[in-house]
Amino acid sequence: MMSKIIELKNVNKWFDKFQVLKDIDLEVAPQEKIVICGPSGSGKSTLIRCINRLEEHQEGNIIVDGTELSESTKNIEKIRAEVGMVFQQFNLFPHLSILDNCALAPIWVKKLPKKQAEEIAMNNLKRVQIDDQALKFPGQLSGGQQQRAAIARALCMEPKIMLFDEPTSALDPEMIKEVLDVMVDLAKGGMTMIVVTHEMGFAKEVADYMIFMDEGKIVERAKTKEFFENPKSERTKLFLSQIL
Amino acid sequence: MNLIAKPSKENIRTYVPIGLSLVSLSILDVFANAFFNLNLMAFFPSQLNYFLPLILGFIGFYLIRIEFSGVRSLDILNKNINSNNFNALLTLFTIFIIIKSIPPMLDWFILEANFVGNSKDDCTGDGACWVFIKVWFNRFMYGLYPDAEQWRINTAFLILFVVVGVSFFVTEKLKKYFIFFLVFVFPFLGIKLISGGSFGLEYVESAAWGGLSLTFIISAFAILFCFPIGVILALGRRSSLPAIKYISIGFIELWRGVPLITVLFMSAVMFPMFLPDGTFIDKLIRVLIAITLFEAAYMAEVVRGGLQALPKGQYEAAKSLGMGYWRMNALIILPQALKLVIPGIANTLLALVKDTPLIFVVGLMELAGMIGLAKTNPKWLGMAMEGYVFAGLVFWVICYAMSRYSQNLEKKLSTER
């Protein structure tokens, strides 16, 4: 049996009375890349936010790297440190320079010496090609640069899994490519990735599996090639016909 | 015919000189009247001549009100103080009131005031009797603190000023130690120096403290303690743990709902009754605790405003990096939230400084309290005006300095483009 790094079993979640996730089952093996797509409000963001417990699920089990997430999980911070997350709105810390944004968590969470943390930060900034902006503040960078900085910040914690929550949706069309390039590069490096996105070109290039969600349910889960060439459900066909 | 035409660019050459001279004439008339008691237009009938400056100025302003005249200074003038008839009238009134009020103020403050002497009888002029301030100055600064021991207060404040002054010029690394000294060491060292009782220093009970030095002592301690307590309360009010949340809400609403004067009175008069026999807490300390907790409740609400202004994404980003509650707040949330509410914090701290005179209800006399005491001295009756003007001036200087400092801080911490 292949080991799973993320396992969701029968996950249900409600916002008050509204059910956002319905019986979600999902397994992710190490180094797998999964792209989740679907119409807005289908619960795809909520799903990946449950994986690092930014949202709490009410029913079912979520197991990340061998630890089950639940109310009593004491070491939720340890799991979060292993799961990097990139947000739609970047969420860089505006009061810190780009370098400090990246070095902060390694220093305070991983307790690395400042010098070593800054070295890691610079390496990751080099990886996303904004090491020349290291001493600037987030407000002085373009959207694409900010998102790349946010990816570098997540990478500095050397996570086992990266979650991307619509990383290019808040960007100008011109800047989408530079962010996607970084993500493709990351995927080729063997990172386990779950990406919520509408960038189907990116999905075709890197995804092992595609997941289509609608109304809180996983409607279709298929190998990428099969998903685009031969979708099974009518709902998926309709969605793909509109988006491609 | 030409003269009643609407002012415009064509007749700018005739209208502007006439208009400007009319305005100048009206201001000159008021000026001469106020400063030299001359009535330049006495030859007009009395009813008319009273309103004449206003009428002349009004006509003058009308004549120079030319849109897009092409003369830059004239355009700026018209746009700012002469955009229509009503604004022209307001402008004239403002100018007249300022001119009219300068001579009496000048007279009272300086020209007719008395500076020399050492008793009330030396004040022969019609203006202020600054002799009062001069004679009582020592009391206004030190209260009833014994004269021979005042060097201790001076030394304490001298150390403070030197340390603060030097800390502006040292490197970032050393600055940490300076701040540590100022926050955790100096307050207690200073208090020990002033209260005495050990190291061969004579004990001076807190009832004898007073004047401006007491204003400073109370303000400094209250600011020092109310700030962290306020931050904790603000965080507590937003806590997800119901017990902490409701205790914080209860505390804040209780202290915000009670007038400070009541709190002070309770702390000094009622509180000792609840203490077990034989225990004694100094009155000054009780008052200090009361003011601190009172202002902390206000501080908490100011800080909470900043916490609420931060986007949710900042919390989520911090959490997603594995930060726990305290690290998230200390490293990400509070630095941003506090920066946002610097104006509100400054507001609260200014109010705190200006609330200190209220401690008179428990018999402690800081600057305003000492002045209140001095003005009831039989030898110095009728000096309330001088005293309170002086107090107002001193408080204004303190508060303005604080306000400027907060503005500088805001500028320094701004990382937006």
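This tour visits the interface of chain B and chain A, then a helix in chain A, then a glutamate in chain B.

The model is predicted: local features need pLDDT of at least 70, side-chain atom pairs count only at pLDDT 80 or more, and totals for chains, interfaces and linings use all residues. Residues are numbered from 1 along each chain as its sequence is written, chains are lettered from A in the order in which they are written, and side-chain values use heavy atoms, without hydrogens or water.

**Stop 1: the interface**

Select both sides of the contact (heavy atoms within 4.5 Å). Chain A gives 25 residues and chain B gives 20. Together the two chains bury about 2,000 Å², with 62% of that on carbon and sulfur atoms. Buried area here is the accessible area (1.4 Å probe) that two parts lose on being put together, summed over both. Now pick Ser320(B), Leu321(B) and Thr415(B): they supply 29% of the area that chain B buries against chain A, more than any other three residues.

Next, show Arg49(A) and Glu316(B). They form a salt bridge, with the closest N and O atoms 2.5 Å apart. The rule (a side-chain nitrogen of Lys or Arg within 4 Å of a carboxyl oxygen of Asp or Glu) finds one such bridge across this interface. It also finds six residue pairs in polar contact, both residues at pLDDT 80 or more. A polar contact is a pair of N or O atoms within 3.5 Å; within protein, one must be able to donate a hydrogen and the other to accept it, and residues adjacent in sequence count only if both atoms are side-chain atoms.

Color helices H12 (312-320) and H13 (325-340) of chain B; these elements each give two or more residues to the side that touches chain A. H12(B) has the largest share, eight residues.

**Stop 2: helix H1 of chain A**

Select residues 44-51 of chain A. Seven of the eight residues of this helix are buried, so it is largely enclosed by the rest of the structure. Buried means under 20% relative accessible area (1.4 Å probe, protein chains only). Helices are DSSP runs of H or I, at least four residues; strands are runs of E, at least two. The buried set includes Arg49(A). Arg53(A) follows H1(A), with a positive phi near 60°.

**Stop 3: Glu366(B)**

Move to strand S1 (residues 365-366) of chain B, which holds Glu366(B). Draw two distances. The Glu366(B) side chain makes a polar contact with that of Thr215(B) at 3.4 Å, and reaches the backbone nitrogen of Gly369(B) at 2.9 Å.

Methods: Buried < 20%, exposed > 50% of the residue type's maximum accessible area, 1.4 Å probe, protein only.
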